[in-house]
Structures are given as C-alpha cells and as structure tokens.
Amino acid sequence: MHIAFVTAGGAGMFCGSCMQDNAIARALMQLDCEVSLIPTYTPIRVDQENMSQTPVYLGGINLYLDNSLGFWKHLPRPLVSWLDHPRVIKWATSFGIKNDGADLGPMTLSMLNGESGPMQREYQVFVNHLVDDLKPDVILFTNALLSGVMPLLTKRYSKPIFCLLQGDDLFLNQLPDQYRQTAIDSIRKNSEQFAGFITHTRVYADLMSEFLGIDRNRFLQIPLSVDVEAHEVQDRSTSPSNTPKIGYFARIAPEKGLLELVQATRHLHEDGIDFELHAGGYLGPQHRSYFKKIQSEAKFLGNRFQYIGSPALYSEKMEFLRQLHLLSVPANYEEPKGLYLLEAMAAGIPVVQPRRGSFPELIESTGGGLMYEPGNSRDHANALRQLLENPELHLQHRNSGLEGVNTRHTSKEAARALLKICSDAVERM
C-alpha cells in the first residue's frame, strides 16, 4: 500500500494538524506502508523528525502571485519554480504572514477554482507529480481547500481519494460574507468524487456534514493521536515546585481562550488559592494586541503569570508540560481536535476543558480530566479548584488519562485505523 499523504504547512508556526499528519505518516511507515508526505503551501514545522518530502507543491508564493499579478500565471514554470523551495518560503514567512480567512477571500476562491482559475499551472504540476511520479494506491488530502485539484486530478487518477477534515470550518467562517458561501458551495461540488471524509471525532463529523451539506454516511473516523513512545511521564513524587502550576499550551489566539483562562483564575485568586499560571504557544503578529490585553488582565497575578513563547524543540515542550499540575485550553469554538490535551495526558497531566467540540469525546475516551459549562468562568474555576485541592481526584484523572491515551489514542492506533479505511477502499474497486 502506497499512500500519498498531502498536508498543508502552517506558514512558519507549529501546527497541530501538521504534527498529527507527520506522526501518523511515521506510524504508517512503521507498519510497512509506503508513505509520501507531501507539503503544500508552505513547509510543515514539527517538533519531531520531519517525514515530509521536498519541494513544496502549490507553493504559497506562486499561488499568491498567480492570483495577484495577471501576467504571472503565463510565465514558464522553470522561471518561477525556485519560489517553491522550502528555504525561500521559510524566508518569506519569517516576516509574518496572515493566514486567517479574513484577508484571503479572493485567493481562497481562486484555489477552489483549480484548473479553471489563475493557479492552473501550479495545479497541473501537482497532479503530474501525484499521478506520474508517485503513482499511489490512495491519496489523502488533509483539508478541504485542497479539493480545488479534484476536477483535474480525477481526469487522470481513478483510485480512492479521501479528505481528512481538521478545522476547515474555522477558516471558512473567517471569510468575509461575500466569499464564504461561494467557497462552501465550491468545496461541496469539488468533493463529490472523494471516496469519503475522515474526522477524529463524531461531533466534528456531525458539524461538517451539516456545514458543507454532505451526507453524514460519507464520514469515517480515526482516533486523534500522539506518539506516546516519545512522551516522558511526569513523576509527581519529584515535582519541582510546591506551588501548583496551571498550564496553557496552544496558539495565542482569541479562539483558543487564554483570556478566558486568566479570567477563571481570578476567582481562584480571590478565594485565596495559591497557584501559578504558565502559558506557552505560538504568538503571531496579528494577535499581539490580544496578548497585551491578556497581560493587562493578568496583572493581579504579578510574576505568577509567565509566558514562555513557542518552544522550538520537542524536549523544551516536554519540559514545560512536566512542570504543570494541570492544563486547560478553554477554546471558545467547536475544536475538532485538541491534540494538546493528549500531549498533556501522555505526560501525566490532567486537563480541564469546556463541554464543547471534541473535548467531551476525548475526556470520555480517556478519563483524563474534568469539564465545565462553556462561558461560565466560575464553573471553570471550580473545576480547576477540584484538581488543585483534591490529590486523590488528581491522581485518578492522571492515571486514567495515561491509560486512555496509551490504549486508544496512539499514533499507531490511528495509523491502523487509517490503513484499514484505505485497504477497504482499494478492495472495493
């Protein structure tokens, strides 16, 4: 079985989807499956061994110039191909590129127009690589925006093609009103020839089925997963500090909810509970004003609030997690994944999450934490307090989370589930 695993880079930031794709690709290889992990838009950035190939296809610089400069798409490919080199793209993204939907409406529609749009040259090169060079048994796209290639691809490729959905609605909902519905309609039309859609949770399959207007029966599921063999479990008997640390580890962005966590901890502070709040994660230039607001809200904590930035190394991330007493990322949208929860649980850290999105399914599956009513800062604080003040409850959720992740949410389990989906599809042909 040869799987072409097409992933999308995160414009220089650590991306949960990239890391999930990379880990599953590695696990598939360990199962003796041939995998081609193909980066698109930008190189992927991960904190473990990078399994992706070079060069980048559908390179972000060329896509942007195709859409912005009328003459660019007519230039011979050899004159522009150097812009797809990972080093060139990394250099360009180092200046800070906005990759949210609010500024990308026209470009999104151009991408979804595929062979009939201004990016036809890039799509043709991509299809040639898939069909002529790789010749895979199955192709897996890891976001719906890549569906723009489907009309061109299916003219030459008749084997199964799947789409793994991992947060496409968040981007599409950020598009301005005049572009959003057109983009959704284009995805629905482009996706008619997918062999199926894959999600990590039932709730996200339900949401995307309704959001895109696609039959729920076309959705399949693989578990959200982490590479447990690479995780180091915290030894509570040698905790480095007597002051419990509440942790946050995700992008610093309004939808991830660090501000809401600060507001919940104010209740703990007012109740006289001793704790520290430590946060880590990527901070993009577009969210610096949001972070300044967080710093202002957290003044009541003084130096007990610390932001460590975005660890460049996996060992640095694990060092951060091992110091925590618990982790909470109070996302205020329907989070489709929540990889940070599994990373914390795999390190022996219980979690406290709002009862929304993928969180109920993950916590039900693992037993690794508590939930609270979304938007209720007092209820959030009460759940935090339970794990801070009840050692037996903390130990119970710590042990349950460890067992749950190690038995049901490993990269190998996800790879086995994905491989079965692919094998079944090939056998049905």
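Helices and strands are DSSP runs numbered from the N terminus, with at least four residues of H or I for a helix and at least two of E for a strand.

A quick word on the source: this is a predicted model, where local features need pLDDT of at least 70 and side-chain atom pairs count only at pLDDT 80 or more, while totals for chains, interfaces and linings use all residues. Residues are numbered from 1 along each chain as its sequence is written, and side-chain values use heavy atoms, with hydrogens and water left out.

Back to our unit. β12 covers residues 351-354 and β13 covers residues 369-372, and the two pair in the parallel sense over four bridges; pairing requires that DSSP finds at least two bridges between the strands. Within this pair, Gln353 stands opposite Met371 in β13.

Who sits beside this region? Take His397, which lies in helix α17 (residues 391-408). Is His397 buried or exposed? His397 counts as buried, because its relative accessibility is 10%; buried means under 20% relative accessible area, exposed over 50%, and partly exposed in between, using a 1.4 Å probe and protein chains only. Beyond its neighbours within four places in sequence, His397 is in contact (heavy atoms within 4.5 Å) with Pro350, Gly367, Gly368, Gly369, Leu370 and Leu387. Gly369 and Leu370 belong to β13.

Now for another sheet. Seven strands form an open sheet with parallel pairing, in the order β3-β2-β1-β4-β5-β6-β7. β3 (57-59) and β7 (219-221) stand at the edges with a single partner strand each, so one side of each has no neighbour in the sheet. Inside the sheet, β4 (residues 138-141) pairs with β5 (residues 161-164) in the parallel sense over three bridges, and Ile139 stands opposite Ile161 in β5.

Finally, let's zoom out. The protein chain has 18 helices and 13 strands. Its radius of gyration, taken over C-alpha atoms, is 22 Å, close to the 22 Å from the globule rule (2.2 Å times the number of residues to the power 0.38) for 429 residues, so the chain is as compact as a globular protein of that length. The C-alpha atoms fill a box of roughly 65 × 45 × 35 Å along the principal axes, and 58% of the 429 residues count as buried.
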